[in-house]
Amino acid sequence: MILPVQNHNSNNLVFGLNIDEEELKKHPVLIKNTLPNRMAIEWDKFTNAITMYPARGLKGSKNSNFYEFLTMGVIPYLTGSAMLMAVFNSANKFFAAAEREKASKFGSKMALGVVFYGLAKNISQNFVTLPVKWLTGVDTEEPYAELKYKLPEHKNDTDITSLEYHKVLESLEFPRWDVKYGNEAKGEPRNIWFDKIAKKIGLGYDLNDSDQDVKPRVKEIAVKTNFAKAFSSYMWAAIGVGMALQNTWDDFFKSATWKPWKGKPFVQTMGRFIDSTFNSAIQLYKGQEGAKGFWGKHSGKVLIASAVLSTLSTVTNVLISRHKPSKYDSKDIIESDRKYVVN
């Protein structure tokens, strides 16, 4: 989102986000990690990714940066998903009537599988990040907004800024610790957040330099959380694909309509979609009727159990290690038998 600083008087720079613009001009501003805020951020990033960012990149703007490049990564992801859906269904019209019906059923399920894959992969990350946040106080997904001043491209350009969204622990080499310190001008202790984390993870109370004690622990928690999130999310994504391939969808696709202007049939479709989603999960667990052999009857149970166990085990690994001391101490780094000179 591009903003001329001097022309904005509202605190709502983005619809749905209540950001204090005066504070934003001075320093990055933390954003509460809530579902409405995440949706507002993703919508703003998406609209910029399909309009402003590619336009700047194609014309060779000196203000096109790496953040914009990464933000546009959602476009090939969505385009690829649409192409997969089209591949599964584009050739159906060339088949005979009987084969066309079978191909359409399979193609619809595969298209639904693409959607469920993306949804399950993204939603399941909360199965890791939320327990870690509740039990350690460390929110690895906490976002913040920051104004970036752009270089003038025309002679009348002044104070042109771009609003970027990042995460506090986006870079584990260079976390944005500065946004986690308390506002002393408002009477907040400087280490207020670090003191809370120290209590949560068992480092103690009233530490002299809680920020220095907490920072390495937070990094370790973030590293393990990111691994757990990445590993388990693919297991849940596989469950999403498995649900989409169940026979419970056959009757749904026969009468489904995705045209909102049809009124009642569309509302009924949405209701049946929820029921079919629930029933497909049950069928995946129980196995399809007439299935033979161990894998035919129990493959769904194995898949679900694997996803649950992978999530529980990786989250447990994060939570157990929160009370462990840092791997290195000063005695591991400083050799006491050698002389040191400080310049």
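**Legends to the close-up views**

**View 1. The whole chain.** Of the 343 residues in the chain, 34% are buried (buried: under 20% relative accessible area; exposed: over 50%; partly exposed: in between; 1.4 Å probe, protein chains only). The model is predicted: local features need pLDDT of at least 70, side-chain atom pairs count only at pLDDT 80 or more, and totals for chains, interfaces and linings use all residues. Residues are numbered from 1 along each chain as its sequence is written, and side-chain values use heavy atoms, without hydrogens and water. The chain contains 13 helices and four strands (DSSP runs numbered from the N terminus: helices H or I, at least four residues; strands E, at least two). Its accessible surface is about 21400 Å², with 61% belonging to carbon and sulfur atoms (Shrake-Rupley method, 1.4 Å probe; for residues, only the protein chains shown count as cover).

View 2. Tyr117 lies in helix H6 (residues 97–123).

**View 3. Lys26 and Glu146.** Lys26 belongs to helix H1 (residues 21–26). Lys26 counts as exposed because its relative accessibility is 63%. In sequence, Lys26 and Glu146 are 120 residues apart; in space, 9.4 Å separate them, C-alpha to C-alpha.
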